[in-house]
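Student: I'm about to look at a structure I have never seen before, and I'd like to go through it with you piece by piece. Could you bring it up?

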Amino acid sequence: MVDAPAVVVVVVRAYDDARDRVGVEEVERACEVGSMSGGGGKMCLFTDLLGDPLCRIRHSPDSLMLVAETATGPNSSTEIAGLVRGCVKTVVSGTAGTTQGQQSKDDDPIYTKVGYILGLRVSPSHRRKGVGKKLVDRMEEWFRQRGAEYSYMATEQDNEPSVRLFTGRCGYAKFRTPSVLVHPVFRHALKPSRRVSIVELDAREAELLYRWHFANVEFFPADIDAVLSNDLSLGTFLALPSGAQWESVEAFLASPPPSWAVLSVWNCMDAFRLEVRGAPRLMRAAAGATRLVDRAAPWLGIPSIPNLFAPFGLYFLYGLGGAGPDAPRLARALCREAHNMARDGGCGVVATEVGACEPVRAGVPHWARLGAEDLWCIKRLADGYSTGGPLGDWTKAPARHSIFIDPREL
C-alpha cells in the first residue's frame, strides 16, 4: 500500500532571532537579489547582512520581519521556507494642486501613511507553492493594523517572477520607474572642481533645506530629521557656484542662488556588504589589471574597477536635488566629493536612485552595466482611512519629476 504524500503546513509568524537566525541566513545565502549583464553569462548580486537579519529595517520608525515556517506534521522538524520585511512610515503622496496639474512650492503637501515591503525571499526548494503570497498577505494585514493606506514594493524591471507575483496574484499596479545609478570607487581620488564651492550642513540646516525643497516630492518622509541625525548618515553637502557666499541656511532659503545642488551620504557599509558572483575569469583578470595600473600610477587617473567579486561596501547618496541651469554640474561635483569619502571609507561603489525626470540626473556619473532600472508597484489597501483629499487615489496619480528615496530601507 502506497502512503499518501505528506501534507506540508506553512505557518507565517514574526521573526524570532534566537530561533530563526540560522534558517534565515540559509535562505538569504540561497537567494540572489539582482542580476547584472556579464556578456558571457549571468552575474548575480548577493548580500551579506553581517549577522543581522534586521539590518535593512532596523532604522525604520515602525517595522516587522516575518518568516514562513514549514512542517509535514506536529512532531516533524521545521524549516524556514521564506521571509519578508516591512516598515510603516508617513510620506508625501502629493500636493493640493496635484489633480489640477498646477504644482508649486506653495502647495500644501498631502501626507499619507504607507507600508513598504522589502527583502522578500523564498527558498528555491519552496518556490511556486504560494509561500511568497502568504508572506505578502500577512505583511499587508500588519500594514492595515498600523493604519497604512497603501502598500508598495520595489524590484528590478526584468525580475519577471517578482513582477508577476505582485501585479498578478497580489493586486499591485505598476507605479514608478526610478533608476539605480552606480559608480565604482577608484583607487585614486578625484580632483575637486575649482568652479564649485561645497558647504557641509549640520543636521538642523539640512532638515530646513530638505523640508523646503522636497516638501512636495513623492515619498519624502515626515521624519526626515530622524534620517539626517542617524549614525549611518555621514553628512549633507551643498554645492554652490564658486564665488557664491554662504551665510546661513535662513539666508539661503530667503534668497537662493540661481543654481545649486545638494545630497546626503548614507553608510550602507556598516549595515551590509554586497558581492558579485558568476563573473567570467577574463572579467576578473581585466578588473584586477586596472587596479594594478591605478596603484602603480595614480596620477594617470585610470578608471580602476574595485574588487566587486569579494564582499564590498556601499555609500548611498540620498536627498539628491537642486535647482537652476547649472545644477547638474554642481551635482557632479558633489558626487566626486562622495566618491572620495567612499574611497577613504574603504567602499567599493557609490550609488543613488533617481526619478526618470529628476533635473540633476544628467550630472550623476555612473556606469550603466553596474546599475539597474527599478519598478515600484503600489496597492491601495482599503478605503475608509481618508478621502485622499485633492489627490484622490494615489495609485492613479501621474508620475512627477522627482522621487525621494529613503536610505533606511535599501
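Student: Let's start with D326: is it buried, partly exposed or exposed?

Tutor: This is a predicted model, and in it D326 counts as partly exposed, with a relative accessibility of 26%.

Student: And which residue does D326 form a salt bridge with?

Tutor: The partner of D326 is R329, and their closest N and O atoms are 2.4 Å apart. R329 also counts as partly exposed, at 23% relative accessibility.

Student: How many salt bridges does a search of the whole structure find?

Tutor: The search finds 23 of them. Another one joins D52 and R58, with 2.7 Å between the closest N and O atoms. Here D52 counts as buried at 19% relative accessibility, because the cut-off for buried is under 20%, whereas R58 is partly exposed at 47%.

Student: What about K89, which residue does its side chain meet in a salt bridge?

Tutor: The side chain of K89 meets that of D406, at 3.4 Å from N to O. This pair links distant parts of the chain, since K89 lies in strand β5 and D406 in the segment after β16 (372-380), 317 residues apart. Both K89 and D406 are buried.

Student: Which strands pair with β5, and how do they run?

Tutor: Strand β4 (residues 63-71) is joined to β5 by eight bridges, and the two run antiparallel. Strand β6 (residues 109-122) also pairs with β5 in the antiparallel sense, over twelve bridges. To find these pairings in the model, you can look for T70 opposite E79 in β5, for L64 opposite G86 in β5, and for G82 with its bridge partner V122 in β6.

Student: And β4, how many of its residues are buried?

Tutor: Eight of the nine residues of β4 are buried, so this strand too is largely enclosed by the rest of the structure. β4 also pairs with strand β1 (residues 9-14) in the antiparallel sense, over six bridges, and V9 stands opposite A71 in β4.

Student: Switching topic: where is D294, and is it buried or exposed?

Tutor: D294 sits in helix α7 (residues 281-296). D294 is buried and yet has no salt bridge, because R187, the nearest side chain of opposite charge, is 5.6 Å away, while a salt bridge needs the charged atoms to be within 4 Å.

Student: So what does the side chain of D294 make a polar contact with?

Tutor: The side chain of D294 makes a polar contact with the side chain of H188, at 2.9 Å. Leaving aside residues up to four places away in sequence, D294 touches F186, R187, H188, I302 and S304.

Student: One more residue, F214: where is it found?

Tutor: F214 is in the loop between α4 (203-213) and α5 (224-228), and F214 is buried, with a relative accessible area of 3%.

Note on methods. Residues numbered from 1 in each chain as written. Predicted model: local features only at pLDDT ≥ 70, side-chain atom pairs only at ≥ 80, totals over all residues. Heavy atoms only, no water. Helix = DSSP H or I, 4+ residues; strand = E, 2+ residues; numbered from the N terminus. Buried < 20%, exposed > 50% of the residue type's maximum accessible area, 1.4 Å probe, protein only. Lys, Arg positive; Asp, Glu negative; His and termini not counted. Polar contact = N/O pair within 3.5 Å; in protein donor to acceptor, adjacent residues only side chain to side chain. Contact = heavy atoms within 4.5 Å. Pairing = 2+ DSSP bridges.
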